[in-house]
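The sequence and the model are shown first, and the description follows.

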Amino acid sequence: METRFEKKLLCIGAGYVGGPTMAMIAYKCPQYKITVIDINHKRIAEWNSDNLPIYEPGLDEIVKAARGRNLFFSTDVDKAIKESDIIFVSVNTPTKTFGVGAGMAADLQYWEKTARHILQCAESPKIIVEKSTLPVKTALAMERILTSNNNKIHFEVLSNPEFLAEGTAINDLENPDRVLIGSRQTESGIKARDELVEIYANWINKQRIITSDIWSSELSKIVSNAFLAQRISSINSISALCEKTDADINDVARAVGFDSRIGMKFLNASIGFGGSCFKKDILNLVYLCRYYGLNEVADYWDSVVKINDFQKERFVINMLTAMFNTLVNKKICLWGFAFKANTGDTRESPAIYIAKRLIEEKAELVITDPKALERARIDLQNIDANVKYVEDPYEAASGSYAIAIMTEWDLYKNLNYEKIYNSMIKPAFFFDGRNIVDHQRLFEIGFNVFPIGKPALTHF
Ligand code: UDX
Ligand code: ADP
């Protein structure tokens, strides 16, 4: 039964990266056996159930098609390591919270534990694929640990960063802009690299599969995220200027984005970027630059995070100022809590910061979100005495002084705004942190509307 598979692939870490990525490889390549393991037993049980641990459009179908056929979720790490030819590692690499580099550098303890575990269990040569985003030169550390057995077994370490974005992961995996594979430029390094190229070439045009040395590959991932985040901080910084000068950020973004050298994407002004990657990766980059004495370069990238913090705080101050400088005992409804639409993930969501600041101002919060309410409860635990979590946006808004959009869910674009307005305390305030509703229409209904980077529309 086992021999029917051409190759055996293992992924260590069944999170937002490991789960969908391996599901896609299994879906596209029935000739390979794919096992995904995690130390978190609950997570694995969920991957084996009808309620997958992450919400991602299109993921259910792919998992259902491959699970039990050539895709297996398990907690038996030792057995899986022994029988696999290629091991993808996508364990978490959070920012360090202690010691040297606290708040900046990546915490590599899970990564190192994994390397040692592979070394302990492996009985045959293996290709190790670094999938988590890691600081430059981590693969070298991995290599050192793996070769500490005096070369009895040969391990080849590759870097293959994942560029998927949450909410669009399935499309990003099926039609990626590029797949990047970094390897050592030795004979065995290039052989291992070509083996990984062949796996992706099952469904991706080879012209889109690019290769480099390991360090450049690791750095490219961090730099891609830094560039994307920098676009958002750039447009958000200009949104602050637009609010002071009555220019319209959407018009500015459109005019700028029409320049084909700049392009339209990632120019949506917002309450700030969130997600598990952008801040973490930029802080890694900043740490790396400081380590090499490049303080000007470090300061440059650090300012991307600073503008993001400024944008979140600015939003809170705008709310406070508009609502007569007090939010005490005022019911305020937050629409959305996920860090972006089409995910239930709230890691680094700007909504967390904004909710905490509004709680400090003694507002009463009502939070609604179609997929992230459970996470919101965890994010605000111990400080949510004055917070309610409500599924239905109409019920959530009823009796409130203000609505603030945190997440650009399509659902919020076309609600019955007359009904919502009628159910609120007057004057009714609407803060659109994502510029997704028709501001003029809401103003005509009676709302005082505060978009991002555009003149406010008020009745007083
Ligand atoms: C990001 C990268 O896009 C992806 O390539 C990488 O692999 C992981 O990090 P992700 O964090 O899942 O993906 O989502 P992304 O779509 O990049 O959005 C990040 C944040 O930026 C979200 O909070 C989003 O709302 C915000 N954003 C995005 C804006 O505020 N404005 C924009 O124009 C685009
Ligand atoms: P990402 O967004 O990068 O995928 P996640 O936090 O969603 O990050 O997933 C990382 C997963 O790795 C978690 O489910 C965690 O339990 C798992 N993990 C961490 N360390 C190990 C380990 N040593 N062995 C197996 N799984 C691990």
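How do the residues of the shell around ligand 2 divide into nonpolar, polar and charged?

## Surroundings of ligand 2

In this predicted model, the shell around ligand 2 comprises eight nonpolar, nine polar and three charged residues. Ligand 2 is surrounded by 20 residues, and the closest are Gly 13, Gly 15, Tyr 16, Val 17 and Val 91. Helix H5 (residues 109–121) provides the largest share of this shell, namely three residues.

## Overall form

The protein contains 17 helices and 14 strands. Its radius of gyration is 24 Å, close to the 23 Å that the globule rule gives for 460 residues, so the protein is as compact as a globular protein of that length. The C-alpha trace spans about 75 × 50 × 45 Å along its principal axes.

Of the 460 residues, 46% are buried. Among contacts with a separation of 6 or more, 72% are between residues 24 or more positions apart.

In soluble globular proteins, nonpolar side chains tend to be buried together. In this model, the largest nonpolar core has 57 residues, of which Ala 23, Ile 25, Ala 26, Ile 87, Ile 128 and Val 129 touch the most other members. Helix H1 (residues 18–28) gives the most to this core, contributing six residues. Leaving aside residues up to four places away in sequence, Ala 23 touches Leu 59, Ile 62, Val 63, Ala 66 and Leu 71.

Another core, of 46 residues, lies apart from the largest one. Its members include Phe 337, Ala 397, Phe 447 and Val 449.

Methods:
Residues are numbered from 1 along each chain as its sequence is written. Chains are lettered from A and ligands numbered from 1 in the order in which they are written. This is a predicted model: local features need pLDDT of at least 70, side-chain atom pairs count only at pLDDT 80 or more; totals for chains, interfaces and linings use all residues. Helices (H or I, at least four residues) and strands (E, at least two) are DSSP runs, numbered from the N terminus. The radius of gyration is taken over C-alpha atoms; the globule rule is 2.2 Å times the number of residues to the power 0.38. A residue is buried if 20 or more other C-beta atoms lie within 10 Å of its own, exposed if 12 or fewer, and partly exposed in between; C-beta atoms are placed from the backbone. Two residues are in contact if their C-beta atoms, placed from the backbone, lie within 7 Å. A residue is near a molecule or strand if its C-beta atom, placed from the backbone, lies within 6 Å of it. Ala, Val, Leu, Ile, Met, Phe, Trp, Tyr, Cys and Pro count as nonpolar, Asp, Glu, Lys and Arg as charged, and the others, Gly among them, as polar. A nonpolar core is a set of buried Ala, Val, Leu, Ile, Met, Phe, Trp, Tyr and Cys residues joined through C-beta atoms within 7 Å.
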